[in-house]
Amino acid sequence: MSNYQHTLSRDGHRQRKISNSSKTKNIIIYCLLLFCVFTHSALSNESKRVAIIYSAPSAANSFDPFIYSQLFMAAQHQAMMAGIPFDLLDENDLMDINNLSGYNALIIPSMQYVSSSKVDAIENALTQAVQNFGIGIITSGHFMTHSENNVPLANINQRMEHLLGVRSTGGGTWGVQTTMRANSITHPVTRDYSADEILLSWNAIWTFIYQAVEGGNVTDIVRLDTDTASYPAVFATITGGRNVHFSSDQIMADANLLWSAIQWVVFGDATPVGLKLTRQNNIFVSRTDMDQSMFADELQDTAFPLYDLLGLWKNKYNFVGSYYINIGNKPGQGEYTDWSMSAPLYQDYIALGNEVASHSWTHPDDTATLSHEQLQYEFQQSNAEITQQLGYVTVGAAIPGNPETIAVNNQLNNYLSYVSGRASIIGWGYPGAYGFLTPDHSMVYLSLSMSPDFTLVGWLNYTPAEAMQIWQDEYAQQTNHASQPILHWLWHDYAATNDPAYKPEMIENTIDWAYQHDSEFVTAVEVHNRINRFIASELQVSGVNPITANVASNDASLFSLRIKSSDIISKVDNWYAYDDKQVFLPLNGGGYTIHLSSTIVDVTHITALPMRSRLLTMSGDGQKLNFSFFGKGEILIHLHDSLVNDLEVLGADIVQQDGKDLTLRFTSLTNHNVILQSSSINTQCIDLDNDGFSSVGGECGAIDCNDSDASVHPGHQEICDGKDNDCDGIIPPEEIDADNDGYAQCQGDCNDAIPAIFPGALEHCSDGIDNNCDSFVDEADAFCSVTDPIEASFTSVAAEDGFIRESSSGSSIGGLIKSANAGAKSLRIGDDRRNRQFKFIVSFDSSSIPTAATLQSVKLILTRGKNSGTAPFTTHGNAVVDIKSGGFGGNPSLESDDFQAEADADAIVQFTDQGGNKSTYQVDLLETAFPYINRSGRTQFRISFELNSDDDRQTDLAGFYSADNSNPSFHPKLEVIYTP
């Protein structure tokens, strides 16, 4: 169960803006007093991207650094609602205009406090961004007014006046009862509001008073009303670029206004186009804490009847969610998991489309009291146990007990891809806090945006009916004036099953409420995936009407392009999947020419897709339509007049037609290939891979079981590639690498049951086995000599292991270092969201090897940890190993300069992907490396990828375990075979 404390901060803010340095602007500058007005020519394919800045001094001075991170994440979520991909920057990035010039806007949630040694550089870079590049700033409260030690800076209002066109005149009062109202409904930010519409009301809030600088281009778009006066709450200003200033962090974060402000700063008066994470009104993530799961005797009363409910809800609402289980480690007290009973049950959960992951091993009440080793046990090792027992890879967790701290999340960041954490609700933090706690985190954090069931019923003693009403109110509040937001809801297994204080109806009725309001039900791991794909995407928009939009993404099949306009989409050139306001995107994104009008053009096109379905391909001519998608459920289609009475549909399970409205139903969760055509013409045999076979079947001949791979079709000869080349439903056993050593039987593996036996493996000269598959055993092998060799194994020196992150993208200079880390990404290679490269060092004391010894083989052994982002071996090439006798930089201690320090031999060997988490990587060194094995001290290795960065603005890391891990078998090792 989870309890939440009331927390409030007066000092958080957030901001974003980014302008593309690669685009050309024709700028005319007219300077009037303090203000300059910029105009620039219309741009084609103009990139849309913003930066969100984390201010460490402001976080340190806030009520709670965690609350500041909530504000930072709330800004990320609002940028997602705006549909503008973003990067996360820090104070250091603000010191150089080259880091800022590629953005349309800078979103700075809170930057009252600035490192005094950096003030001048930051002010200079921001001035250039605003005046030379027309980049806008979105922020709140006092901006750059105090040092990191809370000392007022000289000319305290100078930066606000110069950059934003506003100044502080008073306030700083807590406890004022206020109402926030729309003040100008003609401005683009508030155009969707009615006159004097109430945005929010507070019983108590910090109030700060600001006024416009004389002569500036400033609009008071939202006001704050108290019992005695009214004050400006939100200013929209134009200095060099368009800016929005919120009078406090609560004003910025509590109302769904920031996303609209972002769109105005990025697009101005042009029609905004946003890349959205869903095609439906919102994303609804249901989290269920399975608190009874570690009590094996109670499973029949909770987990089993809950499964029956999940099946019912899947059929009625297409509902899926995330279920977090405790394992238990006290069998004598009944706290344990009987996997013989639980594993098949949880696999049934997963088969319904749900996620099963860790709630911890023992359900600790306060994670803040746990050591690093205990946290690793509770979350990393429990997920490993779940993965092993269920055969289902888990990458996230839900934190139990009391609200966790930043320190806990910093540790979890080493081995989890996401966490579902504490509540972030108005009055309990900042609502809608989803994203990354700091710019350096690769772990997605999902805050709860609706009150947990235990909080309402078990703690505050609300009735189930009252709790259900609170949930509906919270849902309504967070979707009001929002744009396809994310909502995150927590309930417990006992609430829907066996606890009389709760009622199953309170859960089902809330699911029904969300379903009726067009929510898309998704798992937490899927939201984590979508957030990472969104950040890595590129969006370009140009034109007025038609609008040209281009999306570059490694998977946009669940995304849409949403238009904010009073007109509707009348047609999209050569594309046939859209509704009135949004274009549905396929897997590969692409370019779209979108026409707006008051009526639609009569062409055959998809108007709705099932939740969680992936649009893969599409072609058509306005009448006929061919498309493929992965999913299950209903697809709605508008038919061209020519097909209303002359329609043939291929590929759907159930077809219903009502005039021009067509409903297609698909009953199985798989890939579907669909054709809509005139019934008077012959079937079109679609052959996507041009191998002479179609996936349609029937009169098109034998079915191609993979129409995207020309080496797979009926009658194709089987080749040693691990595929069903001839479409007979069977992959030949000799093509399967059963022991995951990189070789199948058809590739020469003479024993595919033992990973240590494969072509090129080290021959052990006295084990009676042909280790290297050369048909010779032991002394008969040329490798083995008359004198038995000596095998020496060295474990890396934990204090000298660690990773180094590049100081900035492309600099080739080391920055952040980290050692003494026990997690699954303690050693890492790849790059982060800012395209900074990672390398790692492993260090061995090899001084016990005799000086006169003849080395016969040297093998570096690493144990793979976890990935972040995409599979980096597929995007960054092979891993490359450098060697140094002694220590990089002349010192075996881990240092930043080790990143670029000279090696004795660069790229002495490369290695490929050899398996996932806990897989053993064996890297045989060539003889050219043997002279650098130090017989009198340390031998160090530096590992990196061939490609420094894939420039996708996404964290792509391959993790490896270090010698700090509690399991000695995971420690890096150097195995040397030599003769004296």
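Two strands count as paired if DSSP finds at least two bridges between them. Helices (H or I, at least four residues) and strands (E, at least two) are DSSP runs, numbered from the N terminus. The model is predicted: local features need pLDDT of at least 70, side-chain atom pairs count only at pLDDT 80 or more, and totals for chains, interfaces and linings use all residues. Residues are numbered from 1 along each chain as its sequence is written, and side-chain values use heavy atoms, with hydrogens and water left out.

Asn550 has Gly591 in strand 31 as its bridge partner.

**View B. Helix 3 and the residue that follows.**
Helix 3 covers residues 119–133, and its 15 residues should span 21 Å at 1.5 Å a residue; the end C-alpha atoms are 20 Å apart, which agrees. The expected span is 1.5 Å times one less than the number of residues in the helix. Burial is judged by relative accessible area: buried means under 20%, exposed over 50%, and partly exposed in between (1.4 Å probe, protein chains only). The buried residues of helix 3 are Val119, Ile122, Glu123, Ala125, Leu126, Thr127, Ala129 and Val130. Gly134 follows helix 3 and has a positive phi, near 65°.

Side chains of opposite charge can pair when their charged atoms come close. Here a salt bridge is a side-chain nitrogen of Lys or Arg within 4 Å of a carboxyl oxygen of Asp or Glu. The structure holds 34 salt bridges. In one of them, the side chains of Glu123 and Arg159 meet at 3.5 Å, N to O. Glu123 is in helix 3 and Arg159 in helix 4 (residues 158–164), so the pair links distant parts of the chain, 36 residues apart. Both ends are buried: Glu123 has a relative accessible area of 13%, and Arg159 has one of 3%.

The side chains of Arg614 and Asp555 form a salt bridge, 2.7 Å from N to O. This pair too links distant parts of the chain, 59 residues apart: Arg614 is in strand 33 (residues 614–620), and Asp555 is in the loop between strand 27 and strand 28 (560–563). Asp555 is buried, at 14% relative accessible area. A network of salt bridges links Asp555 and Arg614 with Glu520, Glu526, Arg530 and Arg533.

**View E. A salt bridge between two loops.**
Asp641 and Lys660 form a salt bridge in which the closest N and O atoms are 2.6 Å apart. Asp641 lies in the loop between strand 34 (625–638) and strand 35 (647–650), and Lys660 in the loop between strand 36 (654–658) and strand 37, so the pair ties together parts that are 19 residues apart in sequence. Lys660 is partly exposed, with a relative accessible area of 26%.

Cys705 is joined to Cys727, S to S 2.2 Å, and the link is left-handed, with -85° about the S-S bond. Both cysteines lie in the loop between strand 37 (661–678) and strand 38 (790–795), so the pair ties together parts that are 22 residues apart in sequence. Cys705 is partly exposed, with a relative accessible area of 45%.

Cys720 is joined to Cys746, S to S 1.8 Å, in a right-handed link with 65° about the S-S bond. These two cysteines also lie in the loop between strand 37 and strand 38, so the pair ties together parts that are 26 residues apart in sequence. Cys720 is partly exposed, at 36% relative accessible area, and Cys746 is partly exposed, at 32%. The sulfur atoms of Cys750 and Cys773 are 2.1 Å apart, and their link is left-handed, with -85° about the S-S bond. Cys750 and Cys773 are both in the loop between strand 37 and strand 38, 23 residues apart. Cys750 is partly exposed, with 45% relative accessibility, whereas Cys773 is buried, with a relative accessible area of 17%.

Conventions:
Disulfide = S-S within 2.5 Å.
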